[in-house]
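Here are a few exercises to work through with the model open beside you. Try each task before you read its solution.

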Amino acid sequence: MKSVLFSRFFILLPWILIVIIMLDVDTRRPAPPLTPRPHFSPYAAAGRGAARVPLPRRVSPGRHAEQRNESRPRAEPEPPLPTIYAITPTYSRPVQKAELTRLANTFRQVARLHWILVEDAAARSELVSRFLARAGLPSTHLHVPTPRRYKRPGLPRATEQRNAGLAWLRQTHQQQRSQPGVLFFADDDNTYSLELFQEMRTTRKVSVWPVGLVGGRRYERPLVENGKVVGWYTGWRADRPFAIDMAGFAVSLQVILSNPKAVFTRRGSQPGMQESDFLKQITTVEELEPKASNCTKVLVWHTRTEKVNLANEPKYLVDTVKIEV
Ligand code: UGA
Ligand code: MN
């Protein structure tokens, strides 16, 4: 009996080993990439001060959704993925580094994103310079101060900073005008989903989508009929030609380059009208491309950070070490 069991075992043993080896080989084989190569190199775009720290390759469901048309014949080389240029005005305040940290953590997960950070200051600050150097993102660090007379409540913010970002883009792309790119104004305090970047990446001219927590409502959105924007769902100044927040649209680089005079203006611009004043110069409502399932999804939130309570900050007996916050 024992010898029968033994012989059976030895007959089966090689087969068991073969199965184990085959299973092992199969799991070691590298998985086919879900998306074309450029997707996985978020630092591919050139940038000043870009720390090219290779991060572990991550596959998020979001990336997958950004996949290109599968029906394209295999041999054809992929056109480069449009670079997303995010222009962020920022100014010194107790929460600045916290806001920039949240933003960088989001941007680091977006392929081919170039961050144009524009400080509202007479010079580049050490805090922001140090921060950007360690952010691991292709970036450009600019600065321009808002004239004192415009630093009043009720006046539009960040006009000069967004224009500085536009000027940099135009100057940088003077020679290579055919590079695909998309521009987006990313205020430092909003909250951005990763899906938003997939949506804006396909902008042909000017694209639009809903924005959450804005205009005194849960959201504002462009109203869409038969794929076209026909009006605006808003609770605030519905007479605006483009009743949309700065976080609610993206513009292709080509449109920025072919409208070299389009800028944000201070003259006659009231808060809430900056977006309309700018968009009027480059597009029409009929031309707008609705994103986020015909503008039925909120992928960005106009969050605003509460002013921090520093009532107990010491005036004289300060800490023994100097700490950047
Ligand atoms: C709303 C819009 O969402 C903004 O895009 C618009 O610029 C602003 O109104 C306006 O009134 O002009 P809100 O949350 O009220 O946004 O504005 P903030 O978030 O305080 O400022 C918008 C951006 O400008 C932020 O990135 C902020 O860091 C920057 N900023 C603000 C400056 O660079 N300097 C300032 O003095 C104030
Ligand atoms: Mn804000």
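**Exercise 1. Work out whether Asn-294 is buried, partly exposed or exposed.**

Step 1: count neighbours. Asn-294 counts as partly exposed because it has 17 C-beta neighbours inside 10 Å. The cut-offs: 20 or more other C-beta atoms within 10 Å is buried, 12 or fewer is exposed, and in between is partly exposed, with C-beta atoms placed from the backbone.

Step 2: find its element. Asn-294 sits in helix H9 (residues 292–295). Helices (H or I, at least four residues) and strands (E, at least two) are DSSP runs numbered from the N terminus.

Step 3: check the record. An unreviewed UniProt entry annotates Asn-294 as "glycosylation site"; such annotations may be inferred rather than shown by experiment.

A word on ground rules: this is a predicted model, where local features need pLDDT of at least 70, side-chain atom pairs count only at pLDDT 80 or more, and totals for chains, interfaces and linings use all residues. Residues are numbered from 1 along each chain as its sequence is written, while chains are lettered from A and ligands numbered from 1 in the order in which they are written.

**Exercise 2. Follow Met-246 to Ala-186 and to ligand 1.**

Step 1: Ala-186 and Met-246 are 60 residues apart in sequence, yet 7.8 Å apart in space, C-alpha to C-alpha.

Step 2: Ala-186 belongs to the loop between strand E4 (181–185) and strand E5 (191–192). It is buried, because 25 other C-beta atoms lie within 10 Å.

Step 3: Met-246 is also among the closest of the 20 residues surrounding ligand 1, along with Tyr-91, Asp-120, Ala-158 and Asp-187. To be near, a residue needs its C-beta atom, placed from the backbone, within 6 Å.

Step 4: strand E1 (residues 83–90) gives the largest share of that shell, three residues.
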